[in-house]
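Subject: Structure for you to look through

Hello,

Here is the structure you asked for, with my notes below it. Please read the notes with the model open.

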Amino acid sequence: MTTRFESLTRPAVGGDYRSQPRQRTIGFVLAAVGLVLAVVTLIANISAANGDDPATAAETLAWSFGLTTAAFGTIKLGIAAILIGVLVRLSIRVESVRTSLPDLAPAGTSPGTIGSLETDYGAAKATLTTPRPLPIHRMARRMWAPMIGMGYLAVLAGLIVSFVWSANVGTSTGADAQAWTQGLQFLGEGLLLAGISFLLGTILASLREGGGRVQESLGITVRTLRMPTTAKVFVALMATGLMVSIAQFVLYVVLAASNPTQVTFASWLAWLGPVREVGLGLLLAGIVMALVTIGTVLGFQFDRIKDIVRTGN
Amino acid sequence: MTTATKTRPEFDYTESSTGPGYNAPQKMGRRLWAPMFALALMAWPIGLVLSWVRAAEIVSATPDPATVARLGQLVPAFMFLGFMGIFTAISFAIARILGAFRRGGGEVQQAIGGDVQTLKMPATARVFIAMTMMGMMAITIPVILHFVVAANVTTWAPETVVRWSEVLEGFRRLGTAMYLFAIAFGLGTIIQVLRFQAQRIRGLANEATA
């Protein structure tokens, strides 16, 4: 199963490097669907605010919450599809560079030195062969698909529970459904963002492995950037954000199971809402760090290609 | 540097003698991702602490409805100020990646000695920039209005405060969806750049061997 999902991130055997990737189209369509759903929930909220019946407004706001989170989840699913497309194109790019560089670079004059070195982009190392993937890279390759799958299922399950909440507003069943909706959907959002983070980790792994393969195929020293600080911060933020997302789900379940008074229920919702948002915020902060790391690695690799083209080494 | 606009199937690009470097959005992305990231990390703790104060007020022996209502406006204001910051940081980080491709691709072609071909800004990149700006507006304006409502909880009727909250919540969510949509298009632009560069380097190799 893992191998099947991993194969999604690689180009089809014999595929044309000029072909238009279908993942991008799928991603754009999913993003558009999510945006339309968000507009629907905006209209629902405005109609609830303008209505005269508070009970009807509460019912509308209940399903509107579920639908909004499902809209966000759908766009994130689209983002994941596009990232899969990026991974496929990266593999094709590596193949293009590997095939073309021997015709573009002069023959090397001397082998480079092996060991640690400093570059404009941070500490790097020079080796004779492509470095093995780091444990976090192997984990990212295995985990992105289960995270995205479980995340979107949790978001959809929460959407269904939001309809139960909407049909039982003002009752204890409605309160339980409210807690379950919020906990489940934000767990799902957290898992989706973790899946996206793992896809970004897979992109970093692909850049590292691809850069190494190109250099190794030319018979020159393989220079690889050591894990930058931004990458370490990325891993820490992602792990913390995922833990907070799981913890908020557990706390919502505890709340639903404890038959609280109305006051206690309102008090818990008052602080649990921001906690669940901080969980997602930390995951998003991790994604910023991953993207910054990708930018740094790309800068390093372009510099390396320039060196090879100029000197052959 | 001389620049000419050319078209080959699927791609509009410019041809010049030297690398074009970063464009304006990419320069902005390189400078501003970190301040926006810092804004998010500062806003969230404030929102979190205010939510604890509000929760404590709700369960206190004599809760003050005005304080609860005021904090009910301030908490989402700070939380979404943070989300505005982090989503903008993500957009700027994507612009930074696109900048790395543009500058690096140009410099490599210059080093090879051929004409430097650079992809013109694709339509997806324009959607990315436009939706980022719209998302920023759709969150910033409700955040400001939350502060306005918070300042008026004692003068406005409670129903009015509730109605405002419901409408502002809807716009905040739409802003979030717009940001996510923008991010999807920013990443989609990276795919287009990767396709262009893969074809360009093969073209350069073909020219070298011809």
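Helix 2 of chain A passes helix 3 of chain A in a left-handed crossing (left-handed if the near helix is turned anticlockwise from the far one by less than a right angle, right-handed if clockwise). Helices here are DSSP runs of H or I with at least four residues, strands are runs of E with at least two, and both are numbered from the N terminus. The axes of helix 2 and helix 3 of chain A come within 8 Å and cross at roughly 165°. Each axis is a line fitted to C-alpha atoms, for helices over the stretch in contact, and angles run from 0 to 180 degrees between N-to-C directions. Helix 2 and helix 3 of chain A are therefore roughly antiparallel to each other (angles over 145 degrees count as roughly antiparallel, under 35 as roughly parallel, 65 to 115 as roughly perpendicular and the rest as oblique). The residues of the contact of helix 2 with helix 3 of chain A divide into 24 nonpolar, 12 polar and 1 charged. In this count Ala, Val, Leu, Ile, Met, Phe, Trp, Tyr, Cys and Pro are nonpolar, Asp, Glu, Lys and Arg are charged, and the others, Gly among them, are polar.

Two points on conventions. This is a predicted model, in which local features need pLDDT of at least 70 and side-chain atom pairs count only at pLDDT 80 or more, while totals for chains, interfaces and linings use all residues. Residues are numbered from 1 along each chain as its sequence is written, and chains are lettered from A and ligands numbered from 1 in the order in which they are written.

Chain A as a whole

Chain A has 7 helices and 3 strands. From the N terminus on, its elements run α-α-α-β-β-α-α-β-α-α. Along the principal axes, the C-alpha atoms of chain A fill a box of roughly 80 × 35 × 35 Å. Of the 313 residues of chain A, 53% count as buried (buried means 20 or more other C-beta atoms within 10 Å of the residue's own, exposed means 12 or fewer, and partly exposed is in between, with C-beta atoms placed from the backbone). Among contacts in chain A between residues at least 6 apart in sequence, 87% join residues at least 24 apart. Two residues are in contact if their C-beta atoms, placed from the backbone, lie within 7 Å.

Helix 6 of chain A and what follows it

Helix 6 of chain A has 29 residues, which at 1.5 Å a residue should span 42 Å, and its end C-alpha atoms are 42 Å apart, which agrees. The expected span is 1.5 Å times one less than the number of residues. The buried residues of helix 6 include A:Phe234, A:Leu237, A:Met238, A:Gly241, A:Leu242 and A:Ser245. Helix 5 (172-217) and helix 7 of chain A are among what covers the buried residues of helix 6. A:Ala247 is also found in helix 6 of chain A, but A:Ala247 counts as partly exposed, with 14 C-beta neighbours inside 10 Å. A:Ala247 and A:Gly183 are 64 residues apart in sequence and 9.3 Å apart in space, C-alpha to C-alpha.

A:Asn259 lies in the loop between helix 6 (229-257) and helix 7 of chain A. A:Asn259 has a positive phi of about 45° although it is not a glycine. A:Asn259 is exposed, with 11 other C-beta atoms within 10 Å.

Where the chains meet

The contact takes 65 residues from chain A and 59 residues from chain B. On the chain A side, helix 2 (22-50), helix 3 (54-104) and helix 7 (262-311) each supply at least two residues. The largest share, 26 residues, comes from helix 7 of chain A. That side of chain A divides into 40 nonpolar, 16 polar and 9 charged residues.

Helix 7 of chain A and helix 1 (residues 24-59) of chain B pack at an angle of about 170°, with their axes 8 Å apart. That makes helix 7 of chain A roughly antiparallel to helix 1 of chain B. Their contact is made up of 18 nonpolar, 6 polar and 1 charged residues.

Chain B

B:Ser91 sits in helix 2 (residues 65-112) of chain B and counts as buried, with 28 C-beta neighbours inside 10 Å. Leaving aside neighbours within four places in sequence, B:Ser91 is in contact with B:Thr132, B:Ala182, B:Ile183 and B:Gly186.

Regards
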